[in-house]
Structure formats: C-alpha cells, structure tokens
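Here is a colleague's note for someone opening this entry for the first time. Please look at the chains before reading on.

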Amino acid sequence: MIVGILAPFTGADAALGPAYFAACLPAVRAINASGGVNGRTLSCKQFDTRGDPADAVPAVRAMIAGNTNLFMVIGCTSDEAASVMPILEQSHIPAFCQTGQSEFDKSNFKYFHRLVPPDAYDAYGMVGIAYFKDNYKKIALVFGNDIGSQTFVGPATTAIQKLGGQMVINQAIALGQPSYRTEVQALINTHPDVILTEALGSTDATYLSELKQLNGGMIPVIGSSATIDPVWFKAVSDAIGVPDLVKYYQANDTPTDFKGPGYDEFKTNLLASAGDFANAPKYVTRASTIHLYDGVIMTALAATSAKSTDHTVFNPWIIKVGNGGSGATEVNKYSDGIAALKSGKAVRFNGAGGATFFNQYNNSQGGYIIANYDAQGNEVVAGQLSQDQINQIIKLAGA
Amino acid sequence: MTFYITTLLVYAAVDIIACIALNMQFGVSGLVNFGFILFQAAGAYTAAVLSLPPQSANGGFQQYVLGLQLPFPLPWIAGAIAGGVVAIPIGLVVLRKLRGDYQAIALLVISIIANIVITNARPFLNGAAGVSLVPPPLADQIGVEAVNTYEYQYFYVVISLLCVGLVLFAANRIANSPYGRSLRAMRENEVAAAALGKNLLAQKLTMFIVGGVMGGLSGAILVGFIGLWAPAGWLYPETIVLFAAIIVGGRGNNWGAILGAILVPVGFFEATRFLPNFGQPGLIPAFQWVAIGSLILGFLWFRPKGVFPERRRTFPNPSAG
Amino acid sequence: MSLYAAAFGFGLVSLAVIAVGAVGFTMQFGITNLINLAYGDIMITSAFAAYFLNHAGVSIWIALLVGAATGAIFSFLLNRFIYAPFQRKGTPLIGMVIVSLAIGIMTSNLLLAFVGSDNVSYHQNPGSTVHLAGIILTTEQLLLIGVAVVLMLAIHALLRYTRLGKAMRATAANATLARNCGIPTGRVIDAVWLITGALCGMAGTIAAMNSDSFAVANGSGFLITILAAAVLGGAGQPYGAMLGAVIIGELTELSAAVISPEYKAVVAFSVLVVVMVLRPQGLLAKFGAMAAAG
C-alpha cells in the first residue's frame, strides 16, 4: 500500500515536500519491519501540488485514480489544503495535514487530522510569551503576506490589545524579496521591545540580517512554531550568526523534548533511511517531520486495531489510538503496539512528538512550551506557558 | 479514475475557453495580452463572491465583499460580464496609445499589480488565502451530498462543454465574418488597415472586451469546480502557459487554440505526473517541469507555426478566366 | 525624516543591482529582438555558481567574477544552440518568447534538482556601517554600488568608443544593412550574448549578495523588476535601462517608507504603466527598436 505525500515539491514552497517525505520513510521502515499493516507492506510516494490550489486538484485526483492501494495521505499544506481536503474526504482517505488555517479549526471533515497548532493559537502563544514571561509592552509584528502567515496577525493583534500591550507596528512583508531595509528602518524607528515574526523562506533571514546591520545589534525576536525548524535555523544563522540567534530568539512550540523511546525509534529509523533519501537525517529535529511520522504510525496502528485496511472502517480508530481509551496501553513504537494488540489490549500511541489529544474536530492541542536554539541548532525547552495563561488569552481574545 | 477524467475534462474545457479568448485577442486581432489571467481571475472572484454566503458563514474565518448566495447560472453570467467590465478601463488606457510589445508588458504588469493589491487588501477578497468553500452550482438545490456523486461530475462536464460550444460558436462567427477579415487586416498591417478607414481602436477594444468576457467565463467555471480561488492561482506565468498553448497549437485559428489547450496545460502538465518515480524526493517533480519545457521546445522546433497553422485565405483572381 | 533619507540610501543599492541586470536585458532585446524570459533564471544560476565557490573558501569578490563568467558562457551557449537555431527556422517573435520561457522553466528546475530548495547565504563581510546625512550603508553596499557604476561606465565606453560597440549599435538599428556594410553580425551577436550574459551573471550574484539569503525561487522576482526597468527606459536603450533602474529602485524603497511596505512594488509598477501610457516609446525613445506585434 502507499502513503501519499501530497505537498509542494516545486515552486516557491519546494522545501516542504522533502521534509514530509522524510517523515514517511522512517515510519514505513518501522512498520514494514514488524510485518506491515495487517500483512501488507507500505511504501512512500510523492505527489507534487506545485504550491498552487488549482494545480493541486488534478494532482490529488491523479493520485487517487492512479493508486487504488492508497493507504493514507500526509502533507496538505496551507497552499492547497482547502482545495484538496474535500476531495480526500469524499474519497475517504485519512489525511494528516500541515496547515494552521483557521477554516479547519471547527470543520466537519472526519478524515482530516491535524497535529500542528492552529495559527490563531500559535499567535496567542507568541503573545503569551511576550506578555507573561518577559513583560514586553511594545510589540512589533512582522509576518509574511502569504496564506500561511497572515492568519497570525488578527489573533495576535486582538490578544495584544486585550492584554494591555501596545502594537507599535504591523508589517505584512512580501516573501522572497532581496531587501527589506526600508521596512526594517521603519520598524527600528518605532523602538519595539520585541518582534513577533513568521516569514518563511529566505525572508526572515534577510529581514533579521538587515535589522542587525541597521540597528547595530539585534532586537529580541519571538517566532511562531514554524520557525523552530532546521531549515529556518540554517538560513537565519547563516545570515545573522549563531550567537545572536541563540541569545535573542525564542519561539512558541508544542511540547517536544526530542527524548524518550518514541523519539529514539523515530531517530534510528530516520538515520537508517539515508540510503533512500540522502538528506533525510537533516530533518531529525524538524517538528513537521516528527508529527507526520507520528501520524503514519498512528494510522497504521488504527488499521491494525480495526483489523481492516478499509478506510471507512479504520478511520475512527485513529482518534482512539491517538487519545487512548481507559485501560489503553501506552506504546512508543509500532512494534510494541503490534505486540500489545496481539495480546488483546487497546493501545495509545505516544510517539516522537509526544502525546496526542484530539478534540472533536480532530485537532490536537498539547499546550505550549517556550523554546530556543542551542549553538548546534537543536531545540531547547526554556519554559512553558501554563494552561491558565493560555486560557486567559483565549478568553480575552474571544476565540 | 472517473473523477480524474472528469477533472481533466473540466480543466480542458476551462483552458479551451481561455485559449479561444486569447486567440481572439492575439491570434485574430494581434493584441499581445500578457495579462490575460487577470480576466479569468476577475470572472472567478465575481462568480465566487456571488455564490458564497455572507462572510460570517462557516465560522467567519474569511473576509470578502458581497456574499449574495445567488443561484446558478447567475454567478457564471456575472463572471463573464465581470471579465468584460474589467477589460474596458484597461483597454481604454493601454490600447489607445501603446504599440505592440509595449502593450504586452503593460498588460503583464497590470496583472501583477492586481495580484499584489488583492493579496494585501485583505477585507476585499480575503488576501493571500483567497476565498474558499465556494458552493458549486446548484449546491443549494440538490444538497451537499449529491455534489459528490458521479452524476454531478457528468453534469459539470456537460455544462462546461456547453460553454465551450457557445464560446466556439461566437468565436467562429466573429472570425469568419467581414468583421473578422477586418481584424486580420489590422493584425497584418495596421497602417494599411487604418488607411482603409477601419476604426482600429474600436476594433481592438471590442476584441479585448470579447476576450475578457470569455476569460471571465472560464474563471467562473473553474472556481465552481475547485471551490476556491487565491492569488497563488493566477500569477503571471499562467498567462504565458496559455500563450505557449496557442503558439504550439497554431495561432489565428480556433482549432489550433483547442488543440493547444488540450496539449499544453492539460496534456503536458498532467501526463508528466505519471513519469516513474526515481531518485531523491523533489527530483521527479523538478524533472516534470523539465519535461514540460522540452515538450514545448520540441513542438515549436518541428512545427514553428503551430500544429494547425492558420489557413492562408486565398481568393481567386477575379480577372482571370 | 531620517526614514526617507535612509530609504533613499537603500534605493541606491537597489537601483545599482537592478541597473546591471536591466542594461544586459535591454541590450539583448535591442540587438537580437529577443525578450529573454530565462534571464532571471540565468541570474540565479550564476548566483549559485558563485555560492559554491564562495563556500569552498574563495572570497565573494572573486566568486562574483565567476558568477559573471557563468552567466556569460551560459547565455552564449544558449544562443548558439537554442535561440539562433530557432530563429533561423523562422520562429516568429512571439514563438521566441515562448522558447525563452521553456528554457527558463528547464533551467530553474534543473538548478532546483541540483542545489535543492534551501535558502543559503554567502560568506561575506559587510564591513562597517557608514552614516552620511541620514543615509545608512555598509561598506560592502558602497562597493556594490561602485561595481555597478564601473560596469555602467564600461558599457558606455563600449558603445561609444569601440568598434564593437558601434557594430552593436548598427546591428541593433538594422541588421541587414549592417551585414551589407560588412559588419560580421554573427560575431557581433556572439559578443553581445557574452557581454550581456556576463552582466546577467554579475547582476544575479550582486542581487544575492545584497539580499543576505536566497534560493532558486528568487529568480522569477528578479526578472519582473528588470523587465520593468528596461521597458521604463525604452526597450533596447541601455541608457534608458539605467534611468529605469534608478526610478524603479528609488521608488520602491521610498514608497515603502512613505506609503507601506505591502504596496511598494505596486507603486513602482504603476509608475511604469503611467509612463508607458504617457510616453509610449519609453523615457529615452529609440525609434524602430520595437517590431510590431506578431
């Protein structure tokens, strides 16, 4: 059977596809080593959406038409999720999507599953760090004007306002421009205490580098969960240098500690996949890769629990494997899960990315941590926002 | 598989209408409209905001104007009209004073400006995210479940092909009429045509608007099918791909436009999806694009005037015999 | 007030980068009648060639020359093996535009397959920051402006004072007549592609140096800005391209300061459209440079 990676592999977001492919490889490696799913082995196949919602529709139709043995889909980024999810739902294909778009916060898609935080909550987390942890009052917003990043601005602005802070400047910058110096200078003139940002690709690297030059030094930066990512680290550290990045940057992220049996299993299999995909090891601390790996394992365990590879039968089991019922055995590896299921127990999968808590809309929320980088670009947990603090923001912002 | 085929048929219909429209502007009248995709976008957005419920629906996560939830076929008609309406001011400004390739660049730049403005003016058409959850035609009448059936797909293919027929009929009537001769005269030699008393500006503007109307209709059909429309879907390379289609197929005639539409945006772009997977991820998709470029080059090399070059219309020598 | 002065300074860097590219582009068009849509992709390819050398330990200024050489050789070979044969086959002008598009697609995707989609930076030392009357520039940026000025002067000298330059101008005005006068137009065109290709490669590397972080996807953005600057000044007119670069470069940065960063490209492009409508032949007209459509 096939795990389809439905994502941009060419075009402006070409960096995303390979990261998700790197999630599939260790998962199928672990699954096949234990005999596959109900005896059937899995393999990974890429389907390029070209980063365009109109091109994504024939891509997903071609995928479904040409692959009758499609087990599940991973990927579906903000570039195309809105146009492909209805089709995946109609064809009963379970999907783990990497989009924070608000339209999936309360959707009715049963086959949609999301392990990344919705953009609105990510924004609240960032504001929470600025306000609760560091008591910053003057906050600047620098977000890319693309689909994935602009959805932060509204929630962030409301949250700042309701908490009594001051948003000194809100810049929506076009991605991939060669220079943002005028924008940077305008920001410097407002004397912010901190900059909240998500502007992917080369944008943050260019912007922050010019900020450092023009300001004569860095200003504290808080990034979204998407900025905790080896690709972002490399681009920005190349541009502003590792010491400044380590000192001035924090981010909001879902709890991950890159430790534990679940993570080790992921890491072992990822490094072993270098034969199939030479760059796979570089994604060892990339959140999206880790989450999608968990998604594949969870779905495989769901199919095993349901004793069926019929999508309509095993799809509801994904939630059960993720959340666990009472008396479920917690497992961290596919092989352990198979063993537990064989001896008749129910399982709950706590994988490389930590425990899952699906809500009724198939979104998983595990709280937020405060993270920054060490000199090697690894994520380090620097603190946590308490559930009370998060609830306070959510209540104030009226979500 | 059926769904994939119906998808391809609808996309083919959309591209055929767009290519015929472009052929009207470029092939027959000689207007190099490098900003064509803007008309398709105008039609798509108009049809979308007329079919969508008010912006507070679906949890209010989008911001857009109107939201009138009009029944089919009103949004499609409005989309076509919108394409024509957008063409008027642009045509008046650009066609009046600019020659040839300057028009091309100006129109290209105008489509880029529009894309940037809509991306950034968020409450207008929901910015970069675009408008989504657009109800397909007749969704209110037949219910959401019925939309997911084979019958609905066939229905969609049929109405799309009907639109193709309509557009083809109109285009043929124009091209084969005395008006069409006058257009070709203008394309071949503007000075001579003007000397013969043809009102060039009126002809150019009319063809621009006609092409805009057809382009708008193609946008309405597409948005009804895929359910969303965002700036990423109408960047300037889309127009260039359509130009490649009519050049490869043969400019100046509708059969060339149809063949080009089937070959390039549908044929090349889709067939290359089925190339065998090898190598690192991302390699195949990149090579798919290389294959598309090679196919275009190959066709242009062997048939520089297009697969169906324009028929040279000859007239018998009246004084012979 | 200081923001506007700073923006003006940034505009100087922008226009330097754009000018080098726009002059190359417009000369390609003026002399060979080709709108080379692959130009931006060749720029980014050259930038990556310089990148590999730079990360092997070579100074960025030497790598810059390698970038120029890459652009020159690439463009020359492109003309030899693709553009010229297609033109000899009788491909109409619009067909050549499509050919250049196809080449652009193939180039950028081959590059993508080869270097990947990561965003990379050069190892370069920006030097100290200079503050002068509100303008804030690093020494490296001043050097880049200097490089651009030198290149512009060199092109000026080429066109005005050398035989090759005169042959180029003759070929641009009327290729057939030039040939009949004994000018070896074939060799002139080869020289044009080498020289403009070098400008293209250099422009790409400079743009990458200026932007601190770049990837394959940046190529298409370069193309549009350069196209706008070239046409603004009058297509085929090198001095016009320089003027166009000044206007686009400064307008972009100043409008980011005055209006808002979101619309800075819109302002520059709108000015282009306005100028085109008011003065269709471009700011510095060159009669006969543009063939009629088709």
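The points below take two interfaces of this predicted model in turn.

1. Start with chains B and C. Contact involves 43 residues of chain B and 46 residues of chain C. The two chains bury about 4100 Å² between them. Carbon and sulfur atoms account for 79% of that area.

2. Polar links across the interface of chain B and chain C come next. The count of salt bridges is zero. Three residue pairs are in polar contact, both residues being at pLDDT 80 or more.

3. Which helices of chain B each supply at least two residues of the side that touches chain C? They are helix 3 (74–97), helix 4 (100–120), helix 11 (236–249) and helix 13 (283–302). Helix 4 gives the most, with 13 residues. By class, this side of chain B has 32 nonpolar, five polar and six charged residues.

4. Now turn to chains A and C. Here 31 residues of chain A meet 30 residues of chain C. The buried area is about 2500 Å², and carbon and sulfur atoms give 51% of it. A:Arg181, A:Thr182 and A:Gln213 supply 23% of the area that chain A buries against chain C, more than any other three residues.

5. The interface of chain A and chain C has two salt bridges. One of them pairs C:Lys264 with A:Glu183, with the closest N and O atoms 2.8 Å apart.

6. On chain A, strand 7 (166–173), helix 7 (181–189), helix 8 (203–215) and helix 9 (230–240) each supply at least two residues of the side that touches chain C. That side divides into twelve nonpolar, 13 polar and six charged residues.

How values were computed:
Residues numbered from 1 in each chain as written. Chains lettered and ligands numbered in written order. Predicted model: local features only at pLDDT ≥ 70, side-chain atom pairs only at ≥ 80, totals over all residues. Heavy atoms only, no water. Contact = heavy atoms within 4.5 Å. Buried area = accessible area lost by both parts, 1.4 Å probe. Salt bridge = Lys/Arg side-chain N within 4 Å of Asp/Glu carboxyl O. Polar contact = N/O pair within 3.5 Å; in protein donor to acceptor, adjacent residues only side chain to side chain. Helix = DSSP H or I, 4+ residues; strand = E, 2+ residues; numbered from the N terminus. Nonpolar A, V, L, I, M, F, W, Y, C, P; charged D, E, K, R; others polar.
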